[in-house]
2 protein chains.
Amino acid sequence: MNAGRTARDRARAEVAQEIKDEARRHLVTEGAHGLSLRAVSRSLGVASSALYRYFPSRDDLLTALIIDAYDAMGAAAEHADSEIRKGRGKSADSTGEAEPRDRWLAVCRAVRTWAVNHRHEYELIYGSPVPGYEAPKDTVAPATRVPLLLTAIATAGKVEDSSIGHGLRSQLSSVIGMNSIDLPPGALARVMVAWTQLFGVISFELFGQLVGSADPADDFFDFSAAAMADFVGL
Amino acid sequence: MNAGRTARDRARAEVAQEIKDEARRHLVTEGAHGLSLRAVSRSLGVASSALYRYFPSRDDLLTALIIDAYDAMGAAAEHADSEIRKGRGKSADSTGEAEPRDRWLAVCRAVRTWAVNHRHEYELIYGSPVPGYEAPKDTVAPATRVPLLLTAIATAGKVEDSSIGHGLRSQLSSVIGMNSIDLPPGALARVMVAWTQLFGVISFELFGQLVGSADPADDFFDFSAAAMADFVGL
DNA sequence: TCACAAACGAGAGCACTGCTCTCGCGGATA
DNA sequence: TATCCGCGAGAGCAGTGCTCTCGTTTGTGA
């Protein structure tokens, strides 16, 4: 704490937090499209111009919300994993470590649950990029929490390798190097397929693409999560 | 032709088409977020209020564009399939019918190519639902073209069945009945997993979720399409 | 062929938006 | 203690979606 300097800075951070909280509240009622700085300022009982002392533009506010959303989703996923590792989750082996497959399924379910309970924040991060372009640098780190967790679980489960082409192999080798992943490129490729599938179902469910077929999507989601666990070899 | 009545109606349809075309042109430069009725009307050299004679609101214009986009993507997919069935696509058996697996891969590639070449239209249909809620009735029919085509290919390939739970089975049985699908529910479930994965990768590629790992995504896309073809048993 | 009604485009106007700029106030800093 | 700098208020600009009114055009039914 207090690593920064003055008390003024702390007040400033606190106000910025209040702005984000109020904006998040508006998000659930209006959606990202209808989030208005002026409406937020009105709710806060403050002049609209005051907000610009804290966020240079509406897109910057959205970017801050995006980062928070990535972090919240990552935290939810990691929490679910650690719970099941402690044996509190269902179908964990009470005598020892949880099976990687159970961890995998628990994380998938946790991600979906978070998405369903925070649909507008999910839209913010996995829907169309609303601003011109999100600032890439600030968002990548929090965005990797879920895929990195899935990769870690896959590593614990010794997932099966795949033969992959030269180009993909070199791309993934670099990813493996940068993130200290202990998985052959072919196995990482399979994890990534499962990862994209996971967010594919969730997006389809939330964005209404499943209405004519598998909606409500609980059963289909469970089926697909299990199918992808099989696919990666857990 | 002329199934409707008057010449006035035809003129009206023509103007509506011009508005949509101009709006689509704005879409590629500004994106869905920045599409402005007034800007479109200015490009058309017309008062902004005139557009409201043709589309009751901005969201209605967007809905019209959404329907067109679904249709264009469906047409692209169907075109790719019929090309390869005629033996013009690559790796088709020159002596007979194209293999279902080749048809499957061709359709996946065609969908991705269309999405890359029409990224803003893709965002419109597979990104966050921008309007309050899209009118479901008008959009479902065109939206089913791609999944129905994938299902047809899977039927030709006799994909493997899966055992699925009771709830999902009854949901999918109803889908099978309504669309005259000749596939057991467990097989349809696998196709749907592949379907969600397909749009998961494409969305990740277009929305920048792959930047740190598999971007450019050509090789990863081919890998995942092949993997899902394996998964459904083609 | 003609009169009428319906459809049309123009323009003004309303309420709203993001964003900028200037102005005083007041607490933290030197 | 004197000063400076961060702060919020308020006015204002350009732009938006949308509505309403008002002449004009135009197709159509008699």
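Analyst: In this predicted model, DNA strand C is surrounded by 21 residues. The closest of them are A:Leu37, A:Arg38, A:Arg42, B:Ala47 and B:Arg53.

In chain A, helix H2 (37–44) and helix H3 (48–51) each supply at least two residues, as do helix H1 (7–30) and helix H3 (48–51) in chain B. The largest share, three residues, comes from H2 of chain A.

Which parts of the DNA does the protein approach? Among the atoms of DNA strand C within 4 Å of the protein, 51% belong to sugar or phosphate, and the rest belong to bases. Individual contacts illustrate both kinds. B:Ser49, by contrast, has a side-chain N or O atom 2.7 Å from a base oxygen.

We now turn to charged pairs within the protein. Side chains of opposite charge can pair when their charged atoms come close. Over all chains, the whole structure contains 24 salt bridges.

One of these joins A:Arg24 to A:Asp21, with the closest N and O atoms 3.1 Å apart. Both residues lie in helix H1 of chain A, three residues apart, which is about one turn of the helix. A:Arg24 is buried, at a relative accessible area of 17%, whereas A:Asp21 is partly exposed, at 29%. The two also belong to a network of salt bridges that includes A:Lys20 and A:Asp68.

In chain B, the side chains of B:Arg25 and B:Glu22 meet in a salt bridge with an N to O distance of 2.5 Å. These residues are three apart in helix H1 of chain B, so about one helical turn separates them. B:Glu22 counts as buried because its relative accessibility is 10%, under the limit of 20%.

A further salt bridge, between B:Asp230 and B:Arg101, has an N to O distance of 2.2 Å. B:Asp230 lies in helix H11 (residues 218–232) and B:Arg101 in helix H5 (residues 100–117) of chain B, so the pair ties together parts that are 129 residues apart in sequence. Both partners are partly exposed, B:Asp230 at 46% relative accessibility and B:Arg101 at 25%.

Terms used. Residues are numbered from 1 along each chain as its sequence is written. Chains are lettered from A and ligands numbered from 1 in the order in which they are written. This is a predicted model: local features need pLDDT of at least 70, side-chain atom pairs count only at pLDDT 80 or more; totals for chains, interfaces and linings use all residues. Side-chain values use heavy atoms; hydrogens and water are left out. A residue is near a molecule or strand if one of its heavy atoms lies within 4 Å of it. A polar contact is a pair of N or O atoms within 3.5 Å; within protein, one must be able to donate a hydrogen and the other to accept it, and residues adjacent in sequence count only if both atoms are side-chain atoms. Helices (H or I, at least four residues) and strands (E, at least two) are DSSP runs, numbered from the N terminus. A salt bridge is a side-chain nitrogen of Lys or Arg within 4 Å of a carboxyl oxygen of Asp or Glu. Buried means under 20% relative accessible area, exposed over 50%, partly exposed in between (1.4 Å probe, protein chains only).
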